[in-house]
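Please work through the exercises below with the sequence and the 3D view at hand. Each task is followed by a solution in steps.

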Amino acid sequence: MATKIVPLVMAGGSGTRLWPLSRDTMPKQFIPLLEDGLSTFQATLQRLADPAFGAPIVITNNDFRFIVAEQMLALGIQGEIVLEPERRDSAAAIAVGMVIAEKRDPDAVCVALASDHVVGDAEAFRQDCKRAAGLAASGLIMTLGIKPTNPSTAYGYLAPGEALPEPGASRLARFVEKPKLDLAKQYLADGYLWNSGNFLFSAGIMREELARHAPAVLSAAEAAVGRAKRDLDFLRLDPESFSRATKISIDYAVMERTSHAGMLAASFDWSDVGSWDSIHAIKPQDDNGNVLEGPAVALDTRRSLIRSEEMLTTVVGLDDVVVVSTRDAVLVASMAAAGKVKALVEQMKAEGRPEASEHLRIYRPWGWYQRIDIGSRFQVKHIHVKEGGQLSLQKHFHRAEHWVVVTGTAEVTLDGTVRFVHENESVYLPIGCTHRLKNPGKIGLELIEVQVGSYTGEDDIIRIEDIYARS
């Protein structure tokens, strides 16, 4: 390829099937699930570290903007971070990425990637993308197909058609959504491949096919990009324009309807790590087929996944189970029912349980905080402020706060007066005072915050100044 392949990385999903580890406030693509300590989002970006690929266009949502920026910065990767005002599924995300890529280069060839997949051989992935990009430049919308290892009902299937000049490539004769088991077995026998959800296409062809099959998506994407605004290092799409996009996947919007579809049999191992059984399948297992992570112990247990964040978690005499223990929730499920966790989360949300969506540890652009205890008139938090981070200049109407520094040095602004608070020192912030917390040091700032008052909710905050442009 003479021109670089433009990566469109979709990073706005919620990953509820991996609850309680993955939740709305910190979904699976940003969690270090891999053995090297990287998130799958970071691993996706690393796979693109090749001269054949241009700077990535990352499509995410407002809540994840600082997580995306920080994880990209940690890798030294620069790219465009595009913020969706609401989730409208993959067709709208890909359309937005296509419009931006086309503005850079009218002849751009794009690769659309989910940020939560695991690929076993990064070099094989890059080579397959380069091969598929050549076919995409000739007018095909290529999808990378995965050779099935079992008759899974969790994936869509690709039926190969007329062979193409590139080895392993063919026209896509049929695009099949997730089948029942008997059909999945037949598809394996007929040589169908799994749909990996990775697509390569020229911007021009995708524009034509969206205009033909999903015009509302295309027009909304064009308007949303055309009226987008810069916000710090982010491109914020126009909310009103974007809301007019049909909520539909690229599979339904284009791939099942287009006459320009092609497929390439991938030469790399792949998993979408969509559920706990798929996590078990890709992790190193002991002699009993168990995956044990964190303080976990198993006795007379086989083919199981046991993961604990902090608390010692033990399993005795069970086979084919998933046990995941976090600071505030425990999941116990049969391996066969692992795919039903999403329905469990939906039930908990309907019941108003905050654990369904929120972690105890809440991430912010300046660091994070974690609730230790809460009562009718008090709340205790552990706060971590990263080097150079600072909270907004703010005030509260219903609570006073006590800050006790445990590690590092805090720069505290209190009603216009600046003072430094060191380890084992404290400061009192009365109700209604204007205050700010900053870490001026070279190490992380750790402190304990005790809130006392008639109301300690997160919405009791008036931001006066904020370097992160939060309202």
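A search of the whole structure, which is a predicted model, finds 27 salt bridges.

**Exercise 1.** Determine which parts of the chain the pair E80 and R230 links, and classify each residue as buried or exposed.

*Solution.* Step 1: the closest N and O atoms of E80 and R230 are 2.7 Å apart, and a salt bridge requires such atoms within 4 Å. Step 2: E80 belongs to strand β3 (residues 80-84) and R230 to strand β10 (residues 229-231), so the pair, 150 residues apart, links distant parts of the chain. Step 3: E80 has 13% relative accessibility and therefore counts as buried. Step 4: R230, at 55%, counts as exposed.

**Exercise 2.** State whether E401 and R399 are buried or exposed, and do likewise for E351 and R353.

*Solution.* Step 1: E401 and R399 form a salt bridge with closest N and O atoms 2.9 Å apart; both residues are buried. Step 2: the side chains of E351 and R353 meet in a salt bridge at 3.2 Å, N to O. Step 3: E351 has a relative accessible area of 47% and is partly exposed; R353, with 47%, is also partly exposed.

Conventions
Residues numbered from 1 in each chain as written. Predicted model: local features only at pLDDT ≥ 70, side-chain atom pairs only at ≥ 80, totals over all residues. Heavy atoms only, no water. Helix = DSSP H or I, 4+ residues; strand = E, 2+ residues; numbered from the N terminus. Buried < 20%, exposed > 50% of the residue type's maximum accessible area, 1.4 Å probe, protein only.
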